[in-house]
Amino acid sequence: MSAIFTARNLVIGALLVFLALLPVYAVATGQFFPLTLLTRIVILALAATSLNLILGYGGMVSFGHAAYMGLGGYVVGIMAKEDITSGFAQWPLALAVCALFALVVGALCLRTRGVYFIMITLAFAQMIYYVAVGLDRYGGDDGLTIYRRSQFTNLIDLSGKVQFYYLCLALLLAAIWLVSRLINSRFGMVIQGSRSNERRMRAIGFPILRYRLASFVIAGMMCGLAGALLANHTDFISPAVMHWTRSGDLIVMIVLGGMGSLFGPLIGAITLLMLEEGLSRVTEYWQIIVGPLLLFIVVYAHGGIDGILASLRRG
Amino acid sequence: MRDEVILLIEQCLNGLQFGLLLFLLAAGLTLVFGIMDVVNLAHGSFYMLGAYFAATFAALTESFALGAVLALAATLAVGMAVELIAIRKLYGRDHLDHVLATFGLILFFNELVRLVWGPAGMNLPLPPFLSASVEILPDVHYPAYRLAIIVAALAVALTLYMVVMHTRVGMLIRAGASNREMVSALGINIQLLYTLVFGVGAALAGLAGLIQAPILTAQIGMGENILIVALVVIIIGGIGSIRGAFVAAIFVGLVDTVGRAFLPELFRLVMTPAAASALAPALSSMLIYLLMAVVLVWQPQGLFPVDGK
């Protein structure tokens, strides 16, 4: 336990303190823009954390993870449109729909390996995208405005910016805790083992498919929760949320932050969105910088930011 | 009854044309994957560039044919440059790296097009002899341009087959796909071969783009939607197999086009018109993905699996 004060732990600690204290700054100065931006970052970090469970630890490169964000968001949006605004109904249903979709898609996709898996998850996400575009009653291509956020009686008011931010942050931390418990359990060992050597795990006698499918469903539900939060955050849901470039963004966050690292997705989400925010102020054509930067990171900086931090020795 | 038959013939021709277009895209994707083992998501960017180049060069030279030839040369050059600068670094790396790096390339190319050509789309006008229609059956007219596409794409497919199966370069390509080290050991410049194959794949995508430009306009992001359909094609066909890509492309093209045309009618037979018009569009856009799911349940490696991949 001598290595508590490593560079990596210090950075993560500072980050968490910053995230926890940000609303204090917002309330004190009356500037709520940073809080809104950080709420979005925290929600996307939750989605990236869920993807990290299957991609980082399980080696399942799902390129359609944004579909769950869209599904979660659409369940909230459609129910709000039909005058069912209780969060106690909306959120469990969002999770159930995501679980069901993940179960069906996972059962099909997990039969395939490698590049087939990447492409088939992408294709299924695109299918859901087109279904959402075809939903004329719920705005089709233009999306759906949500006039009332999910209601949780007197428990919590999602319209309060600070309350909502803390809810998102708490859920993110809960998700990170859950992932850390999962990966250190027997279940997590099987998942990680099947990433390193599937044949050997099979030979030992583990029903790999079932374990993988279970992690796929858990990740889908977690991402659906992020979708429900995002719909409440933006008061709007549209097919754009699950466009395949959004799935790409989630993968970028994980790789940028560090694959298979607990706080990597959070670091990656902050880095990517801050980068976008910063570059978009410099030039309208900011993606012309982000694209090659991504290429550069892939080719030259493998372990992501968390990998760099972990390799630093303190002092 | 006669109207329905004519509609069916027209839709089948449209489907064939869409399928051949998909084949042009899928051929490049599957070649690059089969030979270099690289997943190239930026393939759709070459499709987009082909359309923009053709519109620009055709406007400059005031000739459709000359514009098309110059556009093909330009996409070939861009493809080879991309291979030299970026893709070359990715050989032997993880598929996830390919996905990310080529995702970066997509962002770059979309923004580059917006910077150079602006956010509005570009039109590519057809020459008069192609914008007419042809009487394919008594009293049945079909656009000449769409027929020309079918003929041209079939010719390209045949040429590709002849080159890969019956020329020396094709032999080297096939050899390089099965054993890279052995081919280099025999004194063949495999790097050059890879650059060439990647460039040709890009040019094929560019060809698909310039073919499509007069029907749809050249737009930013046009490559991404069709890329995903092309991915579905190569998954169904078996990644790395040109023959599989051809069969699957025609199949997907037909199913998609004919499904969109006739599914609403079929639904109206069994349910209320309101329900049919609500359900049919959603289901017809899902059709090819359902097809893919069925094929994968039955054959997880696609219809024409390639050994060792």
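Let's start with a helix pair in chain A. H4(A) and H9(A) make a right-handed crossing. Keep in mind that this is a predicted model. H4(A) covers residues 87-109, and H9(A) covers residues 208-234. Their axes lie 8 Å apart, at an angle of about 145 degrees.

Who meets whom here? On the H4(A) side the list includes Gln90(A), Trp91(A), Ala94(A), Leu95(A), Cys98(A) and Phe101(A). From H9(A), the residues include Leu213(A), Phe216(A), Val217(A), Gly220(A) and Met221(A). Further along H9(A), Gly224(A), Gly227(A) and Ala228(A) are also among them. By class, this contact has 16 nonpolar residues and 5 polar ones. It has no charged residues.

H4(A) has another packing partner, H3(A), which spans residues 66-81. Those two axes come within 9 Å. They cross at roughly 140 degrees. The crossing of H3(A) and H4(A) is right-handed. H3(A) contributes Tyr68(A), Leu71(A), Gly72(A), Val75(A), Val76(A) and Met79(A). Facing them from H4(A) are residues including Ala89(A), Leu93(A), Val97(A) and Ala102(A). Gln90(A), Ala94(A), Cys98(A) and Phe101(A) of H4(A) also belong to this contact. The class count is 12 nonpolar, 2 polar and no charged.

Now the loop that links those two helices. Asp83(A) sits between H3 and H4 of chain A. Its phi is positive, about 70 degrees, and Asp83(A) is not a glycine. As background, most residues other than glycine have a negative phi.

Asp235(A) is another non-glycine with positive phi, about 55 degrees. Asp235(A) lies in the loop between H9 and strand S2 (236-237) of chain A. Asp235(A) has 15 C-beta neighbours inside 10 Å, so it counts as partly exposed.

Ser159(A) is in the loop between strand S1 (144-145) and H6 of chain A. Ser159(A) has 12 other C-beta atoms within 10 Å, so it is exposed. From Ser159(A) to Gly268(A) the C-alpha separation is 27 Å. Along the chain these residues are 109 apart.

Then Tyr166(A), inside helix H6, residues 161-183 of chain A. Tyr166(A) is partly exposed, because it has 17 C-beta neighbours inside 10 Å.

On to chain B, and a hairpin. Strand S1(B), residues 133-137, runs antiparallel to strand S2(B), residues 140-143. The two are joined by 4 bridges. Glu135(B) stands opposite His141(B). Ser133(B) has Pro143(B) as its bridge partner. The hairpin has 2 residues between the strands. In that hairpin, Asp139(B) takes a positive phi near 65 degrees.

Next, the core. The largest nonpolar core holds 201 residues. Which members touch the most others? Val232(B) and Val233(B) do. Helix H1 of chain B, residues 2-36, gives the most to this core, with 16 residues. Take Val233(B) and leave out residues up to four places away in sequence. Val233(B) then touches Leu22(B), Ala26(B), Ala245(B), Ala248(B), Ala249(B) and Val252(B).

Last, the interface. Chain A and chain B each put 34 residues into the contact. On the chain B side, the elements giving two or more residues are H4 (95-117), H10 (222-237) and H12 (273-298). H4(B) supplies the largest share, 16 residues. What is the make-up of that side by class? The chain B side has 26 nonpolar, 4 polar and 4 charged residues.

Note on methods: Residues are numbered from 1 along each chain as its sequence is written. Chains are lettered from A and ligands numbered from 1 in the order in which they are written. This is a predicted model: local features need pLDDT of at least 70, side-chain atom pairs count only at pLDDT 80 or more; totals for chains, interfaces and linings use all residues. Two residues are in contact if their C-beta atoms, placed from the backbone, lie within 7 Å. Ala, Val, Leu, Ile, Met, Phe, Trp, Tyr, Cys and Pro count as nonpolar, Asp, Glu, Lys and Arg as charged, and the others, Gly among them, as polar. Two strands pair if DSSP finds at least two bridges between them. Axes are lines fitted to C-alpha atoms, for helices over the stretch in contact, and angles run from 0 to 180 degrees between N-to-C directions. A crossing is left-handed if the near helix is turned anticlockwise from the far one by less than a right angle, and right-handed if clockwise. A nonpolar core is a set of buried Ala, Val, Leu, Ile, Met, Phe, Trp, Tyr and Cys residues joined through C-beta atoms within 7 Å. A residue is buried if 20 or more other C-beta atoms lie within 10 Å of its own, exposed if 12 or fewer, and partly exposed in between; C-beta atoms are placed from the backbone.
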